[in-house]
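Biologist: I am new to this structure. Could you show it and take me through it one question at a time?

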Amino acid sequence: MNYLIDTHCHIQSIQNSLSELWLKDPTLTIADVIKRANKNRVKTLIAVGCNVADSRLAVNLAKNYPNIFASIGIHPHEADDFLKDVLLKAEFEKFLPDQNIKAIGECGLDYYYNISTKQAQLEVFKYQLVVAKKYNLPVIFHVRDAFDDFWSIIKQSMPLTGVIHSFTDSKKNLFKALDYGFKIGVNGIATFTKNIEQIEMYKSIPLDSLVVETDSPYLTPVPLRGRLNEPSNVLIITEFLATLRNESIEELIYQTTLSAMKLFKL
Ligand SMILES: [Zn+2]
């Protein structure tokens, strides 16, 4: 494998103008974005849904592009809205099974913003783990300031496979994630964090547990801060990690792609 996989992006919103960020640049089209990604050796993308409508966009995108796959999920911020409308649950499950859907997520707990109530977040997260198990799909986890509750749910829900996306937490939680066999998703935050502990943590991730992502259009890596992020920038993130971790770029590309292929059964 001499190409990269962006294991976490939200580019499905480009065409549908859901993202204000993308709207600021009217010259962006999905075809341009894919072309630039391919030019930077990023061949495969996982388009990650955050609610039912957004998941539908991801599924439709995956249907139209052979190297784009979808993950369907309800982000913790969306948990309140998801529970308010009983029809949404039925709609969510109607997506499955689908050969283009390779994961459930992003889902999890976010007690930093607490945009949805804790109770709703917990319920919607547990529900998605049940769906993931039912369809034997890996899970894309979003966890922020909520690891105690997260681990207790995981403990009850194993066996599961998955990736903790945008991981920036402690070494303690890193090692716990590794104990469960989860992959660790690293994005542009690594290129601009000033947190020494975080930088040390990035160095401690075993090579065979690391996957790379952009979380585009958010979290643009250095040196492109201030611009929109897009999947092509996975190369910049991977190059940065190669230098930080003192590994060869080709080895990093090979291993992260291999891990992503195994996790998402690509
Ligand atoms: Zn995301």
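Biologist: Does Ile30 count as buried or exposed?

Modeller: Ile30 belongs to helix 2, residues 30-39; helices (H or I, at least four residues) and strands (E, at least two) are DSSP runs, numbered from the N terminus. Buried means under 20% relative accessible area, exposed over 50%, and partly exposed in between, with a 1.4 Å probe and protein chains only. Ile30 has 4% relative accessibility, so it counts as buried.

Biologist: What kind of model is this?

Modeller: Residues are numbered from 1 along each chain as its sequence is written, and side-chain values use heavy atoms, without hydrogens or water. Local features need pLDDT of at least 70, side-chain atom pairs count only at pLDDT 80 or more, and totals for chains, interfaces and linings use all residues, since this is a predicted model.

Biologist: Which residues are the protein donors of the zinc ion?

Modeller: Donors are N, O and S atoms within 2.8 Å of the metal (3.2 Å for Na, K and Ca); water is not among the atoms, so sites may look incomplete. For the zinc ion, the donor distances run from 2.1 to 2.3 Å. The protein donors are His8 (NE2), His10 (NE2), Glu106 (OE) and Asp215 (OD).

Biologist: What is the geometry of the zinc site?

Modeller: Four donors count as tetrahedral if all angles lie between 85 and 135 degrees; four count as square planar and six as octahedral if opposite donors are over 155 degrees apart and all others between 65 and 115, and anything else is irregular. The four donor atoms of the zinc ion make angles of 83 to 176 degrees, and the site is irregular.

Biologist: How many residues apart are His10 and Glu106?

Modeller: The donor spacing in sequence is H-x1-H-x95-E-x108-D. His10 lies in the loop between strand 1 (4-9) and helix 1 (20-23), while Glu106 lies in strand 4 (residues 101-110), so the pair links distant parts of the chain, 96 residues apart.

Biologist: Are the rings of Phe147 and Phe167 stacked or edge-to-face?

Modeller: Rings of Phe, Tyr and Trp (its six-membered ring) pair if their centres lie within 6.5 Å; planes under 30 degrees apart count as stacked, over 60 as edge-to-face and the rest as tilted. By this rule there are 15 aromatic pairs. The ring centres of Phe147 and Phe167 are 6.0 Å apart and the planes stand at 75 degrees, so this pair is edge-to-face.

Biologist: Which two residues lie in helix 7 and in the loop between helix 8 and strand 7 (183-186), as a pair 29 residues apart?

Modeller: Phe167 is buried, with a relative accessible area of 2%. Another pair has its ring centres 5.5 Å apart and its planes at 15 degrees, so Trp151 and Tyr180 are stacked. The pair ties together those parts of the chain because its members are Trp151 and Tyr180.

Biologist: Which residues does Leu174 contact beyond its neighbours within four places in sequence?

Modeller: Leu174 is part of helix 8 and counts as buried because its relative accessibility is 0%. Contact means heavy atoms within 4.5 Å. With the sequence neighbours left aside, the contacts of Leu174 are Phe167, Ile184, Met201, Ser204 and Ile205.

Biologist: What is omega for the cis peptide bond that joins Ser216 and Pro217?

Modeller: Most peptide bonds are trans. Pro217 lies in the loop between strand 8 (210-212) and helix 11 (234-245), and Pro223 is also in the loop between strand 8 and helix 11. The bond from Val222 to Pro223 is cis, with omega near 10 degrees. For the cis bond between Ser216 and Pro217, omega is about 15 degrees.

Biologist: What is the phi of Asn136?

Modeller: Most residues other than glycine have a negative phi. Asn136 sits in the loop between helix 6 and strand 5 (139-144) and counts as exposed because its relative accessibility is 55%. Asn136 has a positive phi, near 55 degrees.
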